Amino acid sequence: MSTVTPEIQAILSPVVATLKRHQLNDDKEIALVIAHLLMKVISAARWTNTYDLISLIRKVGTILHTANPCQIIPGNIVRRVLAIIREEIETGLETSSTDASANINSNVPMMSSMFSLLTTTTKQEGRKEQGGAQTKKQSSDMRSIIIQGIRDLVDEISNFNDDLNNMAIDLIHDNEVLLTPTPTSDTILHFLIKARLKRKFTVLVTENFPNDLQKAQAFAKTLAENNIETVIIPDTTVYAVMSRVGKVIIGTNAVFANGGCLSSSGVASVVECAKEHRTPVFAVSGLYKLSPLYPFTRNDLIEVGNSGKVLSYDDYELVENVEVVVNPLEDYVRPKHIDIFITNVGGFAPSFIYRIVLDNYRSEDNKLD
């Protein structure tokens, strides 16, 4: 079994410290940092058996999860890399078994007895073991193949906005009123700016009080600079304006296998209003945000922020009469409140997300510890 050596621990420590201090806030930046970290770990690790490398990566993933349990993306990237490694192992085994069966078929005449079938199976198993021994000797080749797979993953994360933007023009119509309650999302920002190249529309932006008020103003200013008619509205007026809204577009922090997602605080109430008015809700997300986990313990997934922003400590007379003041930084959005997930590989209904997850993750890596 591989252990976390001091050399690998030295690579991990700076990233673990930044996760603990919440110095990485952008989802895309977190994904790229974790991908480059795993590339360094695989380059520095000493292993002869690929399963030892899998064990090491799982331990690294556990350490990253412990540093910030509410952050889903580091675990996603670790599981994607584990899926890449397992796929290469299976490809190697299939190649060796194909070669072994070809040799057996060329040397062994066709027989119809049960005993001959058992003998042939035994020989094939022996050839597979030899093939497994050969793959251990080719660890350097496997290392380079895995690192190239991670580089492809880095390219996917870096360029996912371009793939999303190509769908923006088809989804947004002229003279439409859009509402976005996630002004902290760069993905939504690029999505709307791209759509403006061929469409003219109005965007309503919620204030996201009290955590993201300044970010909402900066978001609206950027849209206005790109000739998009933009209006900032208080969170309390969402229900009043929803009858005029054509689409609600939300960003996501994480998407779970059941089709639910984590988004900015206040989004849950907005999508409830949208459902009452039969307004379609589009959730925009990169593929790297899709997680194979299920939100069984939703309260543990939602991080709580500074309660002083909700109720100022200066109002000490009021604070003394209030038992609990909570400032959640995120909301869990149920699958039934989302119509379509827009990803860099296409648009999918929430009920189909599990299939996309199965294509990119392995079920044996759902639990890293």
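The model is predicted, with local features needing pLDDT of at least 70 and side-chain atom pairs counting only at pLDDT 80 or more, whereas totals for chains, interfaces and linings use all residues. Residues are numbered from 1 along each chain as its sequence is written, and side-chain values use heavy atoms, with hydrogens and water left out.

The structure holds one cavity of 30 Å³ or more. The lining of the largest cavity (residues with an atom within 4 Å of a point) consists of Asn 208, Phe 209, Pro 210, Asn 211, Asp 212, Ser 265 and Leu 329.

A search of the whole structure finds four aromatic pairs, defined by ring centres within 6.5 Å, with planes under 30 degrees apart counted as stacked, over 60 as edge-to-face and the rest as tilted. The pair of Phe 256 and Tyr 332 is tilted, because the ring centres are 6.4 Å apart and the planes stand at 45°. Since Phe 256 belongs to the loop between strand 5 (254-255) and strand 6 (261-264) and Tyr 332 to strand 8 (residues 330-333), this pair ties together parts 76 residues apart in sequence; strands are DSSP runs (E, at least two residues) numbered from the N terminus. Phe 256, at 1% relative accessibility, is buried, and Tyr 332, at 11%, is also buried (under 20% relative accessible area, 1.4 Å probe, protein chains only).

Notes
Rings of Phe, Tyr and Trp (its six-membered ring) pair if their centres lie within 6.5 Å; planes under 30 degrees apart count as stacked, over 60 as edge-to-face and the rest as tilted. Helices (H or I, at least four residues) and strands (E, at least two) are DSSP runs, numbered from the N terminus. Buried means under 20% relative accessible area, exposed over 50%, partly exposed in between (1.4 Å probe, protein chains only). On a 1 Å grid over the protein atoms alone, a cavity is a set of points where a 1.4 Å probe fits but cannot get out, and a pocket is an open set with protein on both sides within 12 Å along at least five of seven lines; lining residues have an atom within 4 Å of a point. Grid points are joined across faces, edges and corners, and a volume is the space filled by probe spheres set on the points.
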